[in-house]
Amino acid sequence: MKRFYYIAILFTFIASAVFPQNQLKKIDGVNFSNVVVTDDFWKPKMEKVATTTLDACIYQTEVKTPRIRNFEKVARHQGEKHEGIYYDDSDVYKALEAMAYSLKNHPDKNLEKKADDWIDKIAAAQLPDGYLNTYFTLTDLSKRWTDMEKHEDYCAGHLIEAAVAYYNTTGKRKLLDVAIKLANHIDSTFRLQNRHWVSGHQEIELALVKLYRVTKNDRYLKLADWYLDQRGKGYGKGTIWDEWKDPAYCQDKVPVKEQTKITGHAVRAMYLYTGAADVSANTNDSGYMDAMKAVWNDVVYRNMYLTGGIGSSGDNEGFSKDYDLPNENAYCETCASVGMVFWNQRMNWLTGDSKYIDVLERSLYNGALDGLSLTGDHFFYGNPLASAGNNSRREWFGTACCPSNIARLVASIGDYIYGKTDDGLWVNLFIGSKTTLQLGGAKVAVNLQTEYPWDGKIKVEFAPEKKTKFALHLRIPGWVTGEPVPGDLYMFADKENTPVTITVNGKNVEFKTENGYAVIDREWKKNDVVEMNLPMNVRRIVSRPEVKQDAGRVAIERGPIVYCVEGADNNKKALNIMLPDNALFNVRDFSILNEKVKAVNFSAPEVSISDDGLNVHTEKKEITAIPYYTWCNRGQNEMEVWIPKKADNIKLNN
Ligand code: FUB
Ligand code: ZN
């Protein structure tokens, strides 16, 4: 018997050594709290968020709008009226989460004091049974949990995320205890009573997984899974379905594990699939994977803008028909691009495939970053790809989900740079940074230096405490190997791919490519330096012919950056510019406000109409194209990403 026991142990040991990847999750993330960002591109943005964006969020949340006042009213118990929209609590929580991340990078006593004050107010508004929502508490508490569309669990999800973030940064438990009490209340009200409930706006699923990870209490993981399992079974009938006339609006038409098509509201969809990926990674339930891969293909192959933005239609704040990607009227909510970053990060962890980071990078540097002004205190809610000059960045919005969402993303940018296993390091984003990780059984200091996205040189230096063996996986972006995006929604007009060379300590190395990564598996010692040089030539992009709105047009990219022409650089006009096939590009240093960028110049015809409207005139001009994310920082201006190749596609703004 004893012998059998030893054999069984031995077998288990061998099996776990042979199949170490039995886990669904292939890569672990490296949390931003272990990463010091030193990057010339991102560090100033993180500072801007810390010193300006958060102040703007605080001012709007506390002074200009009644969001904090609603919490104070609940605590006063004087029958005062709720002000604002039923989901406004979520903006308080999301700002708090951004504050928590920022405090980790930039300790700031005053900011922490502000966060503590807000937390006291939030805690004072929690009811004894754990319920917390100022809208229902101040309007009619008897109506709580009766309308699935009313975002009670969406707000709860953002509270939980803020609580976990604040606890991780400060070690203070007050908000975490509030979140636990609220999550317990929800769990007892629904899952434990098997009372059906479909969250009208997903968010709580991913938040509950964070709560599970910090508390280690699997009750929250089960609740997250239960939320996913409620969808697509008709339980939303009567509430969310009535509101939107179509269960697909909130991804409630088909059970999550059977979904194959992207539908409905873009932010809800992104949070849903992020939650599903998180649940999969923590339960090892592969049941969501096929669905997520199919839906992801549907997004990326047929429904994504070149900027990585999604959700073309303002009517449903979401997806319309395949290939329907209008440029001027593109909705492309900032939150949806932020959601793309979240979901693609999780898909990369689950699969180890770099194509998800290619999409993440596109959404991050273009669709999401466009949501934040260069001054840090103005925002875009929608991010169109063309403008007749009527768009402007705003200080705030009635529905103010986007400002704090982009703030929390920038403040936690360190989350997206690296991935790891016990004996593998993944470099996903090229962002100057330092971290120390346990690799191959030794502590390894990693120092990544680069001037990306303006320059393609990437240098990674290792300082292990002792010689250690691990596999370095360096992402070779799809835009280097000829695929601007996975699939063929967008293609390079030329086929001039430059091969990538990698050196170790100055000598070329052979490397194998796996899942889109160059893999160098060897023993590393102190001061080993790996260098990779990504070609940064300007490339023309064309769309599949099904995208009618881009027909006869071309866009330009350099590295991960999508470019546009803006009136501010081109004699106040952009819609009259052509980009013929034979135009040559010239890259030069340029500044937009204080942002140092690379501009792309080309000489091309501009069309103008005489004042009397009788003559059309074409004149060759020197045109300046700028990174898309920097547009509309110098007032209202015409702008265009997809530039007509010939005059017959020009649509002038008269
Ligand atoms: O409903 C809450 C948020 O407001 C959504 O995520 C955004 O799309 C906006 O509708
Ligand atoms: Zn938003």
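Buried means under 20% relative accessible area, exposed over 50%, and partly exposed in between (1.4 Å probe, protein chains only). In soluble globular proteins, nonpolar side chains tend to be buried together.

Beyond its neighbours within four places in sequence, Trp42 is in contact (heavy atoms within 4.5 Å) with Val37, Leu364, Tyr365, Leu369, Val410, Ile413 and Ile431.

## Basis of the model

The model is predicted: local features need pLDDT of at least 70, side-chain atom pairs count only at pLDDT 80 or more, and totals for chains, interfaces and linings use all residues. Residues are numbered from 1 along each chain as its sequence is written, chains are lettered from A and ligands numbered from 1 in the order in which they are written, and side-chain values use heavy atoms, with hydrogens and water left out.

## Overall dimensions and surface

The protein has 16 helices and 23 strands; helices (H or I, at least four residues) and strands (E, at least two) are DSSP runs, numbered from the N terminus. For 654 residues, a compact globule would have a radius of gyration near 26 Å, and the 25 Å of the protein agrees with this. That radius is taken over C-alpha atoms, and the globule rule is 2.2 Å times the number of residues to the power 0.38. Along the principal axes, the C-alpha atoms fill a box of roughly 80 × 70 × 50 Å.

Of the 654 residues, 59% count as buried. Among contacts between residues at least 6 apart in sequence, 70% join residues at least 24 apart. The protein exposes about 25500 Å², of which carbon and sulfur atoms supply 49%; accessible areas come from the Shrake-Rupley method with a 1.4 Å probe, and for residues only the protein chains shown count as cover.

## Helices α16 and α15

Helix α16 (residues 401–411) is largely enclosed by the rest of the structure, because 11 of its 11 residues are buried. The buried residues include Cys401, Cys402, Asn405 and Arg408. The buried residues of α16 pack against α2 (42–64), α4 (89–105), α7, α12, α14 (334–351) and α15 (355–368).

Helix α15 contains Arg362, which is buried at a relative accessible area of 4%. Not counting residues up to four places away in sequence, Arg362 touches Met304, Leu306, Thr307, Gly308, Gly367, Pro484, Val485, Glu557 and Val562.

## Backbone features in loops

Tyr452 and Pro453 are joined by a cis peptide bond, with omega about 5°. Pro453 is placed in the loop between β7 (442–450) and β8 (457–464).

Positive phi values occur at two sites discussed here, His151 and Asn284. For His151, which is not a glycine, phi is about 65°; this residue is in the loop between α6 (134–138) and α7 (152–170) and counts as buried at 4% relative accessibility. For Asn284, phi is near 65°. Asn284 lies in the loop between α12 and α13 (289–302) and is partly exposed, with a relative accessible area of 33%.
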